Amino acid sequence: MPRILVTGATGQIGSELVPALRKRYGREAVLALGYKTPPPEPVDAGPFKTADVRDASAIERIVRNHRSDKIYHLAAILSAAAAADPKLAWDVNMNGLYTMLEVCREYGCSLFFPSSIAAFGPGAPRVNTPQDAVQRPTTLYGVSKVAGELLCDYYHGKFGVDTRGLRYPGLISHGAPPGGGTTDYAVEIFYAALREKHYRCFLKAGTRLDMMYMPDAVRAAIELMEANPAALKHRNAFNITAMSFDPEEIAGEIRRHVPGFTLSYAIDPVRQVIADSWPDKMDDTAALQEWGWRPEYDLAAMTRDMIEQLSKKAVGAYPGGGRADNGEPA
Ligand code: NAD
Ligand code: AKB
């Protein structure tokens, strides 16, 4: 059985990946590493520690004591938060990854690194963005993702570290709120629909983006880390996708469940520019061919499940909206 460390464990992905890994490999095998926020209930139901991923000696001690052999490194600063504080984003995204790669080299751990649609920018085809396309992102977040993909390739080629990664699209979930991204609107819209039957969208009409429901995202990470390494050619940056929509299309799908739901716009120029530089939909053929990737949720299935899950929770105020657990004041 692997012994697994998950950084960024209280975030949008980590809070769902940790329980999934514990279900698969056992509670004690998975150490959840948070930063400052107290862990939500499911993350807390097992080993939990806090540390700054830039603190190499703390990370080394944690990996040694836990005897970790596999690390899912999720801690990062996302696109909109990175635009607000590029210095912090570069520091956490690059030095945090460097710390994890060094500890993997020293202790023989494998590493999962999530990249993003943000690794693409102008010059890459927006529709069916190829696996191997021009990567000239215009955001600090995207630059850190491209550099991260390359650094992971380097550690694999130079030191034989088993690094693997995915380029995630925007992720939609009903657990922990998103942590300061551009695709966050596709989560906020559900809370607003159920609470107020109205949503003011910060991206303009017609902004089409690549998206995925969290159960697919969690399964993809686990499947990639379990895949036969001999079959992997694109180790560190597999395009994966599940659906592509713009604000009107997701609103229309929500309206099937919430009659009378309306949409208006209050554009955030910073996030609009970021969204305009990202793919509409990536081509994920390489992931299908090399490790059998297939999404299970399309827009209709995701919307149905989101509404069902959030309705069970008797949705209160949207829990996101500037959530900050990155060492800076909220
Ligand atoms: P999130 O913002 O919800 O969680 C990130 C976590 O990192 C937070 O809980 C925060 O506490 C932690 N963190 C920040 N600075 C830290 C530090 N110095 N030391 C330790 N921990 C620190 O992010 P997420 O949505 O769960 O994303 C996880 C990873 O997946 C990131 O690398 C992100 O770029 C990538 N990704 C996410 C999405 C998405 O839509 N959620 C899409 C593409 C890629
Ligand atoms: C963001 O919007 O920053 C993230 C991402 C697509 O990487 N959700």
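Author: Happy to! In helix α3, which spans residues 56-66, the buried residues are Ala58, Ile59, Glu60, Ile62, Val63 and His66. Buried means under 20% relative accessible area, exposed over 50%, and partly exposed in between, using a 1.4 Å probe and protein chains only. Helices (H or I, at least four residues) and strands (E, at least two) are DSSP runs numbered from the N terminus.

This is a predicted model, where local features need pLDDT of at least 70 and side-chain atom pairs count only at pLDDT 80 or more, while totals for chains, interfaces and linings use all residues. Residues are numbered from 1 along each chain as its sequence is written, chains are lettered from A and ligands numbered from 1 in the order in which they are written, and side-chain values use heavy atoms, leaving out hydrogens and water.

Back to the helix: the cover over the buried residues of α3 includes β1 (4-7), β2 (30-34), β3 (48-50), β4 (70-73) and α5 (86-107). Arginine 67 follows α3 and has a positive phi, near 60°.

One of those covering elements, α5, also holds lysine 87. Lysine 87 is exposed, with a relative accessible area of 72%.

Another arginine to look at is arginine 235, placed in the loop between α8 (214-226) and β11 (238-239). Arginine 235 is buried, with a relative accessible area of 9%. Leaving aside neighbours within four places in sequence, arginine 235 is in contact (heavy atoms within 4.5 Å) with His156, Asp162, Thr163, Arg164, Gly165, Leu224 and Pro229.

Finally, ligand 2. Around ligand 2 (a heavy atom within 4 Å) are Leu78, Ser79, Ser116, Ile117, Tyr141, Gly181, Thr182, Thr183 and Trp278. A polar side-chain atom of serine 116 lies 2.7 Å from an oxygen atom of ligand 2, and a backbone N or O atom of threonine 182 lies 2.6 Å from an oxygen atom of ligand 2. Threonine 183 places a polar side-chain atom 2.8 Å from a nitrogen atom of ligand 2. Taken alone, ligand 2 exposes 250 Å², and the protein buries 94% of that, with areas from the Shrake-Rupley method and a 1.4 Å probe.

Methods: A polar contact is a pair of N or O atoms within 3.5 Å; within protein, one must be able to donate a hydrogen and the other to accept it, and residues adjacent in sequence count only if both atoms are side-chain atoms.
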